[in-house]
Amino acid sequence: MTQRYVLAIDQGTTSTRAILFDQRARLTGVAQREHKQHYPRPGWMEQDALEIWRNVERVVPAALRDSGITLDQVAAVGIANQRETTVVWDRNTGTPIGRAIVWQDVRTEQLVERLRESAGAERIRELCGLPLATYFAAPRLRWLLDRTPGLRERAARGEVLFGTMETWLVWNLTGGADHGGHVTDVTNAGRTLLMNLSTLEWDEELLRFFDIPRAMLPEIQPSTGEFGTARRVLPGVRIAAALGDQHAALFGQTCFAPGETECTYGTGGFLLMNTGRELVRSEHGLLTTIGYQVGPEPVYALEGPIAVTGSLVQWLRDNIGLITSAPEIETLAGTVGDNGGCYLVPAFSGLYAPHWRSDARGLLIGLTSYITKGHIARAVLEATAWQTRDVVEAMNADSGLQAGALRVAGGMTSDNLLMQIIADVLDIPVMRPIVAETVSLGAAYAAGLAVGYWPDLEGLRHNWRVAAQWLPRMDPDLRAEEYDNWKRAVELTFGWLRPGKSVT
């Protein structure tokens with residue numbers, strides 16, 4: 001019998017990858033291409049959606065060649081994507097209306113401030129589980145409709161379409177202007193501020209509030225199912241899954257039971273806790289979101305995004321010059337046994353979960369003549385650990401559950417000292433799986449599950465194996481004292497950016 005594989009297209013913020021997995025979740029082929037980032041003004045970040053599509057056309061065949069297989073051996077394809085990045089394009093030509101506006105873009109700050117003062121703003125979190133913020137897609141779409149002559153009228157007639165990156169890729173894969181499918185999944189739709197978190201449908205009240213024509217929106221579907229059959233790049237292959245990247249990581253880490261928690265550490269950190277079939281509305285600064293949907297009912301999750309984790313190490317390297325390469329920080333931090341009383345809060349552009357303080361700015365405190373560069377390096381690593389603790393504490397409080405372990409992935413997990421520090425401050429085991437590509441694996445798992453390549457969720461659990469584990473070994477009294485010091489340092493960052501002032 002011919003061996004078959006599942007393909008994941010992982011469309012990320014900086015690059016697009018195609019990865020093939022076999023039935024034991026082993027990576028058998030991979031190809032990757034970066035795309036250009038455009039910064040036309042301070043705070044603006046854009047990408048060329050056509051460039052990203054062309055990269056998909058290149059990396060998919062390259063991954064097949066790398067794996068040494070033919071198209072007929074691909075059982076299904078799943079897509080994971082950068083969330084909230086906004087694409088608008090002409091239905092008849094496939095030409096984007098300008099560049100895609102990336103999730104990190106903050107051009108909508110003034111619009112969001114105006115919308116917060118509008119009638120109905122207090123209902124947004126209740127309806128969609130998210131706060132009104134520049135982070136999400138709806139303000140960007142509204143900005144485009146307001147700023148592009150004639151766009152709103154064309155959108156109302158269904159002549160232009162909106163989507164996040166998975167919608168754009170599915171549309172192109174299934175035919176593009178020649179009757180391509182216009183669909184999204186619940187995890188991505190749930191990050192727009194336009195989907196009702198209870199009904200899993202576009203919400204009329206939210207559409208009216210943001211003044212978004214319904215005709216331009218894609219059809220919402222579960223994370224696994226019928227996204228169409230590819231007619232381009234992978235002709236005849238079923239597109240069986242789509243998930244936002246962090247939701248794909250939750251799925252790839254097989255966090256299928258309530259309370260199971262994972263974190264992907266990259267430029268920032270993204271923690272998600274499975275809360276099961278219960279929609280938990282956060283009272284502690286977290287985002288209520290869809291974890292994934294397999295079948296008729298969704299699994300909900302709490303999410304806590306951290307703005308600065310890996311980028312703090314880059315800052316220490318590139319801006320401060322304390323290290324010459326990122327891996328050096330582990331060696332430097334290992335020259336001391338503790339932080340020497342030094343704490344670094346990386347609120348470079350405010351704080352995300354659970355504080356949500358845009359007026360906060362970074363702080364390095366506790367400096368004495370005793371402090372060395374080793375202590376500062378240690379404080380950098382501890383900043384990621386304590387920020388993780390802040391989010392996990394909020395998750396436990398909101399959910400009534402207890403994270404019994406933290407499953408981790410991402411580039412920072414190669415730092416063994418950091419992983420030990422995280423285990424120490426959380427007082428739970430930290431586990432890194434053998435397959436580090438958890439986002440891609442989650443997309444593959446969801447697609448394979450939809451076509452029967454893998455039989456059920458329990459079968460996927462058997463594929464999850466621990467590559468490394470760190471157990472807590474910190475004295476409880478010291479942990480409590482250090483956490484109290486961290487919280488005091490965080491509070492000191494609040495209110496630094498005063499209204500009407502600019503700090504760059």
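Guide: Quick ground rules: residues are numbered from 1 along each chain as its sequence is written, and side-chain values use heavy atoms, with hydrogens and water left out. Since this is a predicted model, local features need pLDDT of at least 70 and side-chain atom pairs count only at pLDDT 80 or more, while totals for chains, interfaces and linings use all residues.

Visitor: Which residue in β11 does I79 stand opposite?

Guide: Strand β5 covers residues 74–81 and pairs with β11 in the parallel sense, over five bridges. The residue opposite I79 is A242.

Visitor: How are α9 and α14 oriented to each other, and why?

Guide: Angles under 35 degrees count as roughly parallel, over 145 as roughly antiparallel, 65 to 115 as roughly perpendicular and the rest as oblique. Helix α9 (residues 245–252) packs on helix α14 (residues 438–450) at about 75 degrees, with the axes 7 Å apart. The two helices are therefore roughly perpendicular.

Visitor: How many nonpolar residues are in the contact of α9 with α14?

Guide: Contact means heavy atoms within 4.5 Å, and here the residues include A248 and F251 of α9 and L441 and Y445 of α14. Ala, Val, Leu, Ile, Met, Phe, Trp, Tyr, Cys and Pro count as nonpolar, Asp, Glu, Lys and Arg as charged, and the others, Gly among them, as polar. By class there are three polar residues and one charged, and the nonpolar ones number nine.

Visitor: Is L193 buried or exposed?

Guide: L193 is found in the loop between α7 (186–189) and α8 (204–210), and its phi is near 75 degrees, a positive value in a residue other than glycine. Buried means under 20% relative accessible area, exposed over 50%, and partly exposed in between (1.4 Å probe, protein chains only). With a relative accessible area of 0%, L193 is buried.

Visitor: What is the relative accessible area of T254?

Guide: T254 also has a positive phi, near 50 degrees, in a residue other than glycine. You'll find T254 in the loop between α9 and β12 (261–265). T254 is buried, with a relative accessible area of 0%.

Visitor: Which residue does a cis peptide bond join to P354?

Guide: P354 has its place in the loop between β16 (343–345) and β17 (363–365). Omega for the cis bond is about -5 degrees, and the residue joined to P354 is A353.

Visitor: How far apart in space are P218 and T16?

Guide: P218 is in the loop between α8 and β10 (219–221), and at 3% relative accessibility P218 counts as buried. In sequence, P218 and T16 are 202 residues apart. C-alpha to C-alpha, the distance in space is 22 Å.

Conventions:
Axes fitted to C-alpha atoms, helices over the stretch in contact; angles between N-to-C directions. Helix = DSSP H or I, 4+ residues; strand = E, 2+ residues; numbered from the N terminus. Pairing = 2+ DSSP bridges.
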